[in-house]
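Please look over the sequence and the model shown here before reading on. The paragraphs after it are meant to be read with the structure open.

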Amino acid sequence: LLILFGVPLFANVYTAWGGSGPVGLVFRAIAASICLLPPTILMGATLPAMSRWVETSPQGVAWLGYFYGGNTGGAVIGSLLAGFYLLRVFDMATATYVAVALNLLVGGLALLIAGATPYEAGAGVRDKVKPAAGSWAVYIAIALSGMTALASQVIWTRTLSLLFGATVYTFSLILAVFLFGIGIGSSLGSVMARGLDRPRLALGWVQMLLCGAIAWAAYTLALSLPFWPIDPSIATSPWYNFPLDLARAFWVVLPASILWGASFPLALASVATKGQDPGRLVGGVYAANTVGAIVGAIGGSLLMVTWLGTQHSQQ
């Protein structure tokens, strides 16, 4: 709600002080941070808070992956609902009010469940549990995985927009496919984490397979999609093109996004130890993955594509 009513006021300041070049870029970064950090910090804190309800056993770690997959599934619905319906039929205010209403419903239900369910954190015991040996390598791996994920998404969105058209529908569609793959992958990774004796080995293989999946995306973007025997320009309505765009986005994005989704629960299983605080476990892995994603998003959009071009950035 603060963003909805604050951004128009902030826009006046930005128009007066923001400019072009590096100074304008820094000012835009400051503006985005002021507007987006408060709600996104709360969003990021939700998963670790939920995670304290499970134990750090193989079954518990699997549930942590399911939580992550469920969150991602909701993100897919939100992306499509906002991009294709709420913003198209109504306006920004209505989309914001719907989001607020949904969050009030979720928060109210969460408080009711928390009040009706007995719970003992056992923090005194959990604080004494040491993390698994060599956990630093897993944190680095999941950070690099997040970095490649967001850098690739930036590059793919830029390239696919040339085929689909630079509209809000294109961004919503590509984001939905990306998140859909992550949701599938996190569910599959959770199932794997439950029965694996060496989850770190599985995490390593997933990262190796990602090299092939990213190369597949680069190949299809350059040598496959532009030559499909179709002509979207002859469609009488853009709604005829959306299923085609969805199929093309799946063709490019889905393999890699499934593997990135599987990386998160496997990373959790790789650093989990019996009796460990699951909130701290999830918070650490989630933070490492997010820091890498930030580096990938900024580096991919502002540095790599500018300095190296799309082709070499993917390489």
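This is a predicted model: local features need pLDDT of at least 70, side-chain atom pairs count only at pLDDT 80 or more; totals for chains, interfaces and linings use all residues.

Residues are numbered from 1 along each chain as its sequence is written, and side-chain values use heavy atoms, with hydrogens and water left out.

Begin with helix α6 (residues 135-164) and helix α9 (residues 238-271), whose axes come within 10 Å and cross at roughly 170°. Helices (H or I, at least four residues) and strands (E, at least two) are DSSP runs, numbered from the N terminus. Axes are lines fitted to C-alpha atoms, for helices over the stretch in contact, and angles run from 0 to 180 degrees between N-to-C directions. Angles under 35 degrees count as roughly parallel, over 145 as roughly antiparallel, 65 to 115 as roughly perpendicular and the rest as oblique. α6 and α9 are therefore roughly antiparallel to each other.

The residues of α6 that meet α9 include Y139, W156 and F164, and those on the α9 side include D245, R248, W260 and F264; contact means heavy atoms within 4.5 Å. By class, 16 nonpolar, six polar and two charged residues make up the contact of α6 with α9. Here Ala, Val, Leu, Ile, Met, Phe, Trp, Tyr, Cys and Pro count as nonpolar, Asp, Glu, Lys and Arg as charged, and the others, Gly among them, as polar.

Helix α6 also takes part in a pocket. The second largest pocket holds about 180 Å³ of space, and 13 residues line it, with T148, A151, S152, M304 and S313 nearest its centre. The elements giving two or more residues to this lining are α6 and α10 (278-314). The lining has seven nonpolar, six polar and no charged residues. A pocket is an open set of points on a 1 Å grid over the protein atoms alone, where a 1.4 Å probe fits, with protein on both sides within 12 Å along at least five of seven lines; lining residues have an atom within 4 Å of a point. Grid points are joined across faces, edges and corners, and a volume is the space filled by probe spheres set on the points.

Two residues of helix α2 come next. S51 lies in α2 (residues 21-51) and is buried, with a relative accessible area of 0%. Buried means under 20% relative accessible area, exposed over 50%, and partly exposed in between (1.4 Å probe, protein chains only). Leaving aside neighbours within four places in sequence, S51 is in contact with L64, P278, G279 and V282. C35 also lies in α2 and counts as buried at 18%.

Finally, G212 is in helix α8 (residues 199-223) and is partly exposed, at 42%. W228, in the loop between α8 and α9, is partly exposed at 26%. Beyond neighbours within four places in sequence, W228 is in contact with L244, R248 and W251.
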